[in-house]
Amino acid sequence: MKDLSTHTRLTPEQWENRLNRFINNMSRNASVQTTLSTWGLSFENKLLNLTGRVLPAERILQGARAVRGTTENTTAHDTCRTLAECSVCAQYEYNPCDADWSKEMRGLPLMTSMPLETWLLSHTRRNAEVAHSLLQTLNKVPVGIHLQRPGMMEYDDRQEALLRALQQRVGQQVQMVVVILSANRKDKYDCVKKYLCVDCPTPSQCVVARTLSRPQTLMTIATKISLQMNCKMEGEPWSVEIPLKHLMMLVSTDTTTVPQERDPSVHWWPASTRACPAALKAYFKYNECLPSRIVVWATACC
């Protein structure tokens, strides 16, 4: 996949070069020009140039510090945000063209950290050492999440045994279930997600044991797992300043195809962290008012 991505994930400059090369090849090919002329078609020798507007970088807010893009001039004593009590901002630079500030946010506390007090860490007997290494590393991740020791749940490396273990151990008091899968098997992953999403709704995080087997990358993987777990429990990793006069609710939609089912399309609608799937009622509960705007976008189109 990495080798394939070098051909499919091109930069704008690479796309421009390839299109120009394509046009040049067509213009030099007599057969192509003959065919195009019979259709009354022709191509310009170069692409059309347009003047676009470059938007300033968004200000990323996280914990007690702020992260800014390189296109905005600030000082270290700018007001950090109106969302929380913070008087001094540390200024960091990120490239707004890449829209990636993962390096800048390392070591900073999250915007909102949800304590994880009652949770399960599930693994096979063969992956017990991997599970303990993951647990130790999760406790070292400097993002401000308070982790209590989880309940260790060992299961036989069979799908039915995994499902039975989940049915026996997962209850209403469980906040999160982390499952270490012995292999990248879709049937086991689907088994976990179906039970913990439909039969016994509980936030869950799956990870393949092989992903955790390299000590040099374990801290990076554990950090990503911590961020995902925090978000699934309605925590906020970071925020941006949106100067709206009234509150807004964000909703993303997606459609999942299940070929084995009679009705293959499943539509899901996760709302923002301030409005869980109970949507407007939950939004009113958290904000004590209804949103003035509802923004809906299709995930597959983004």
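Ser204 is buried, with a relative accessible area of 3%; buried means under 20% relative accessible area, exposed means over 50%, and partly exposed lies in between (1.4 Å probe, protein chains only). The model is predicted, so that local features need pLDDT of at least 70 and side-chain atom pairs count only at pLDDT 80 or more, while totals for chains, interfaces and linings use all residues. Residues are numbered from 1 along each chain as its sequence is written, and side-chain values use heavy atoms, with hydrogens and water left out.

Ser204 has its place in strand 7 (residues 204-208). Here helices (H or I, at least four residues) and strands (E, at least two) are DSSP runs, numbered from the N terminus. Apart from residues up to four places away in sequence, Ser204 touches Met176, Val177, Lys193, Leu196 and Lys232, where contact means heavy atoms within 4.5 Å.

Gly151 and Val177 are 26 residues apart along the chain, and their C-alpha atoms are separated by 9.5 Å. When residues up to four places away in sequence are left aside, Gly151 touches Trp119, Leu120, Leu121 and Arg169.

The next topic is a pair of helices. Helix 5 (residues 159-169) and helix 6 (residues 186-199) pack at an angle of about 20 degrees, and their axes lie 10 Å apart. Axes are lines fitted to C-alpha atoms, for helices over the stretch in contact, and angles run from 0 to 180 degrees between N-to-C directions. Helix 5 is therefore roughly parallel to helix 6, given that angles under 35 degrees count as roughly parallel, over 145 as roughly antiparallel, 65 to 115 as roughly perpendicular and the rest as oblique. In this contact, Gln159, Leu162, Leu163, Leu166 and Gln167 of helix 5 meet Asp187, Lys188, Cys191, Val192 and Tyr195 of helix 6. By class, the contact has six nonpolar, two polar and two charged residues; Ala, Val, Leu, Ile, Met, Phe, Trp, Tyr, Cys and Pro count as nonpolar, Asp, Glu, Lys and Arg as charged, and the others, Gly among them, as polar.

Glu234 lies in the loop between helix 7 (215-232) and strand 8 (239-240). Although Glu234 is not a glycine, its phi is positive, at about 75 degrees. Glu234 is partly exposed, with a relative accessible area of 29%.

The protein chain as a whole contains eight helices and eleven strands. Of its 302 residues, 34% count as buried.
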